[in-house]
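Thanks for coming, everyone. Please have the sequence and the model up on your screens. I'll go from the whole chain down to single residues.

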Amino acid sequence: MKLNERSLAFYATCDAPVDNAGFLYKKGGRHAAYHRRWFVLRGNMLFYFEDPASREPVGVIILEGCTVELVEAAEEFAFAVRFAGARARTYVLAAESQAAMEGWVKALSRASFDYLRLVVRELEQQLAAMRAGDCPHPPRRPRALPPKENGCAVWSAEPPAASPAPSPAPSPAGASAAGSPPGPAPPPLPPRRRASAPNGPLRAGSFAQLHELYGQEVRALRSQWLRNRAQP
């Protein structure tokens with residue numbers, strides 16, 4: 001595979017969102033020493049820099065045909081990127097914490113096109129099975145929910161039993177019977193009805209019809225209330 005260095009440098013440092021980024025300790029190829037590098041994951045390419053401000057990457061790892069696994073190494077929180085083949089290189093990396101290591105292992109394991117191809121194939125099989133009726137459909141929503149009045153569902157057109165009204169508190173001594181004028185009355189409530197439209201129950205998917213049906217009554221009652229409030 002031939003890679004253009006200028007294109008790679010531009011892709012590594014462009015403003016597009018990255019899949020993961022952070023410091024990792026990278027073990028040298030010929031030496032056992034670890035070097036702290038700034039790693040950036042974009043798609044199936046893992047770039048590493050001297051520091052976050054660098055404009056050109058030191059190197060890049062193409063994450064195709066590889067596996068990511070935990071290893072025992074001198075550094076804590078170490079993992080390795082292994083490629084198939086006798087002469088293929090193994091990259092040993094180490095994170096700075098357990099959470100960072102788990103995040104990098106998960107991100108690198110899902111970065112290859114092979115993984116994405118498997119995910120797409122699995123989704124296509126599930127979709128084909130659902131269309132053929134081989135697997136159950138997700139549960140449907142109930143038909144039409146009953147309208148609510150004051151936060152309570154109205155299941156019957158019969159009015160509920162009236163609760164006894166609390167007795168008014170005694171007026172303090174010296175207070176006049178005529179108090180301040182009462183404030184404006186609240187808007188009237190919509191009439192009680194069963195959870196069905198005039199021409200039969202609405203289907204579960206016709207939310208727009210249900211919204212329009214009760215919205216007309218609400219708008220009419222609100223207009224009437226505004227007119228009454230505007231009158232002297």
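The accessible surface of the chain is about 17,600 Å². Carbon and sulfur atoms hold 56% of that. Such areas come from the Shrake-Rupley method with a 1.4 Å probe, and for residues only the protein chains shown count as cover.

A word on the source. This is a predicted model, where local features need pLDDT of at least 70 and side-chain atom pairs count only at pLDDT 80 or more, while totals for chains, interfaces and linings use all residues. Residues are numbered from 1 along each chain as its sequence is written, and side-chain values use heavy atoms, with hydrogens and water left out.

Next, the layout. The chain has four helices and nine strands. These are DSSP runs numbered from the N terminus: helices are H or I, at least four residues, and strands are E, at least two. From the N terminus, the order is α-β-β-β-β-β-β-β-α-α-β-β-α.

How much of the chain is buried? Of 232 residues, 22%. Buried means under 20% relative accessible area, exposed over 50%, and partly exposed in between, with a 1.4 Å probe and protein chains only.

Now the cores. A nonpolar core is a set of buried Ala, Val, Leu, Ile, Met, Phe, Trp, Tyr and Cys residues joined through side-chain atoms within 4.5 Å. The largest one has 18 residues. Leu-46, Leu-63, Phe-79, Trp-104 and Leu-108 have the most contacts inside it. Helix α2 (98-109) gives the largest share of this core, four residues. Take Leu-63. Beyond four places in sequence, Leu-63 touches residues including Leu-41, Val-81 and Ala-111. Contact means heavy atoms within 4.5 Å.

There is also a second, separate core of six residues. Among them are Leu-8, Ala-12, Phe-47 and Phe-49.

That takes us to helix α1, residues 5-13. Which of its residues are buried? Leu-8, Ala-9, Ala-12 and Thr-13. Down the axis of α1, they fall within an arc of 115°, so they line one face of the helix. The arc is taken over directions from the helix axis to the C-beta atoms. What covers these buried residues includes β2 (34-42), β3 (45-49) and β4 (59-62). On the face turned away sit the exposed residues Arg-6 and Phe-10.

Last stop: Ser-54, in the loop between β3 and β4. Buried or exposed? Ser-54 is buried, at 16% relative accessible area. Leaving aside neighbours within four places in sequence, Ser-54 contacts Thr-13 and Phe-49.
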